[in-house]
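Take a look at the model below. Then read on, one part at a time.

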Amino acid sequence: MSAYVITIATLIAIYAIVACGLNIIVGYAGQISLGHAAFFGIGAYTAALFATKAELSFWYALPCVLIISGLVGLLLGLPSLRVRHDFLAITTIGINFIVEAMFLYIPFFGGALGIGGIPRITLFGLPLKGIGFFWLCTGFLSLSVAACWWFTRCWAGLACFALREEEEAAAGLGISPVRFKLLAFVAGTAMAGLGGALYAHYMRFISATDFSFPVSITLLSMVVVGGMGTLWGPVLGTLILSALPELFRPLVDYRILFTTTLLLLMIRFQPGGLLGETGFIRSRVAVRSRRGRP
Amino acid sequence: MTEALLKLEGLSKHFGGLKAVDGVNLQVRPGEILGLLGPNGAGKTVCFNLISGVYPPTAGQVRLSGRRIDGFTPHRIAQMGIGRTFQIVKPFASLTVLENVLAACGITRYPSLTRIWTPWRSKMDREMAMAVLERVGLADLAHRKAGLLPLGNLRRLEIARALVVGQKLLLLDESFSGLRHEEIQRLESVIRRIREDGITVLLIEHNMRVAMGLSDRVAVLDHGRKIAEGPPEAVQNNDEVIEAYLGRKGRGHAA
């Protein structure tokens with residue numbers, strides 16, 4: 001495989017992890033978030049600072065990165081308890097801009113120069129690069145998807161589904177909206193932190209613009225295109241939204257136009273996403289399996 | 001007289017100048033069906049929302065078996081064994097009927113920090129949920145999406161969810177409204193069976209015939225105040241109640 005393909009594949013795996021995290025918040029718990037790139041960034045900056053300033057290895061820093069991203073997610077998830085729907089969307093956009101500005105203007109975070117010289121991840125004494133790093137990311141993606149799968153099957157997941165559908169009715173069944181919304185935020189942002197840490201060690205140089213608002217929109221588009229609340233939707237969405245602009249390289253300047261057009265088309269024709277309940281793919285499979293029956 | 005299961009003492013809820021519920025005293029005895037009646041806007045649903053913790057009361061107390069529960073959050077009150085339905089049905093539309101009831105079955109897990117991570121599709125819980133669906137007559141629709149059900153079935157689904165939660169007390173908010181005659185009869189027998197199982201029911205009802213037929217006692221609210229309480233026959237002939245529903249005599253037809 002050429003280095004170019006490996007790079008694209010690695011980034012797809014990393015973004016898919018982040019999109020899976022967003023799916024927990026938006027798809028499972030129904031809390032719209034347009035600021036997910038902030039948490040991706042918090043993970044990346046935390047990992048970068050641990051690696052460059054504390055000279056801690058990726059593996060020792062990783063638990064701290066997850067905990068810090070999760071805690072910040074807990075803090076910033078608090079608005080979701082007070083505001084809903086459109087207002088929550090606007091609040092989370094605000095969070096994205098504030099976090100980005102902090103990276104950009106506070107010298108501790110490297111300011112406009114970002115953070116460079118982040119070391120490679122080493123595994124059994126060998127620095128991981130190229131295909132090795134790709135497999136590492138794929139491994140973490142598998143763990144993330146497995147975690148999502150588990151989430152949909154445990155009581156916490158069911159509580160989140162209930163909250164997403166009807167908050168008042170869910171509370172009437174003993175489900176604490178505070179506890180389970182924050183739980184979803186913590187799980188989702190910790191997953192974004194994981195993606196961020198991998199991103200920092202892969203790019204080896206990060207700056208605030210890597211985690212700006214358009215990234216949040218792209219992440220949300222990935223989840224919507226694939227299918228909110230489905231298990232594989234975010235992975236499929238990331239694959240489509242990352243691979244297509246590469247396949248049509250001349251159109252790369254129109255990437256945002258492409259993403260938004262796709263998003264609008266999805267909302268119009270496939271609101272549940274490609275893998276969603278009424279989605280194109282699932283209905284095809286359903287028709288085929290119905291035909292197959294005697 | 002046995003001790004009251006649920007006791008409202010001077011319960012009031014004011015929204016600005018509007019006294020939606022104003023100093024209501026009421027006792028619900030264990031094992032009875034108490035009908036809460038009153039014309040539109042009398043404060044019946046607000047009363048339910050005060051009991052189930054949706055609003056904190058402006059004044060007064062709510063006691064469950066002697067313990068004060070006013071000011072508690074809705075999920076905490078549900079944990080204490082009070083199940084409720086909603087006047088405007090609130091199903092979890094994208095989940096199946098069975099999953100809707102299973103979401104209620106999780107009530108024993110939701111407060112724990114460890115048990116919320118255990119799987120919810122276990123055989124034991126599914127059987128428990130199916131048994132509840134059986135009780136309300138929805139077992140054959142268990143795998144249907146709740147959003148696809150007609151109103152009558154949704155009302156029974158809400159009762160099923162409330163039954164799981166309401167080990168002590170069931171609050172039914174106009175469970176009969178908008179239903180056809182046959183559906184009303186079926187639901188009546190469901191509620192009678194619930195009472196036979198020893199669960200206390202407080203129900204809001206607009207349909208007089210149904211309310212009078214089902215209730216052991218009724219209480220009538222008007223403009224946030226309790227104007228009558230007692231056995232259905234006595235309340236039916238109470239002058240103040242007739243006035244609240246039909247207007248005062250001698251004031252002409254417009255009343």
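## About the model

This is a predicted model: local features need pLDDT of at least 70, side-chain atom pairs count only at pLDDT 80 or more, and totals for chains, interfaces and linings use all residues. Residues are numbered from 1 along each chain as its sequence is written, while chains are lettered from A and ligands numbered from 1 in the order in which they are written.

## Helix α5 of chain A

Helices (H or I, at least four residues) and strands (E, at least two) are DSSP runs, numbered from the N terminus. Helix α5 of chain A holds 23 residues, 131-153. At 1.5 Å a residue (times one less than the number of residues), it should span 33 Å, and its end C-alpha atoms are 33 Å apart, which agrees.

A residue is buried if 20 or more other C-beta atoms lie within 10 Å of its own, exposed if 12 or fewer, and partly exposed in between; C-beta atoms are placed from the backbone. The buried residues of α5(A) include A:Phe133, A:Cys137, A:Phe140 and A:Ser144. The buried residues of α5(A) pack against α1 (3-28), α6 and α8 of chain A. An α-helix has 3.6 residues a turn, so residues three or four places apart point the same way.

## Where the chains touch

Two residues are in contact if their C-beta atoms, placed from the backbone, lie within 7 Å. Chain A gives 19 residues to the contact and chain B gives 28 residues. On the side of chain A, α6 (155-165) and α7 (167-171) each give two or more residues. α6(A) gives the most, with seven residues.

## Two helices in chain B

Helix α3 (residues 97-105) and helix α4 (residues 123-136) of chain B pack at about 110°, with their axes 9 Å apart. Axes are lines fitted to C-alpha atoms, for helices over the stretch in contact, and angles run from 0 to 180 degrees between N-to-C directions. That makes α3(B) roughly perpendicular to α4(B) (65 to 115 degrees). Among the residues that make the contact are B:Val101 of α3(B) and B:Val132 of α4(B).

## Two positive phi values

Most residues other than glycine have a negative phi. Phi of A:Arg204 is near 65°, a positive value. A:Arg204 lies in the loop between α8 (177-203) and α9 (213-226) of chain A. It counts as partly exposed, with 14 C-beta neighbours inside 10 Å.

Phi of B:His223 is near 50°, also a positive value. B:His223 sits in the loop between β9 (217-222) and β10 (225-230) of chain B.

Technical notes
Parallel < 35°, antiparallel > 145°, perpendicular 65-115°, else oblique.
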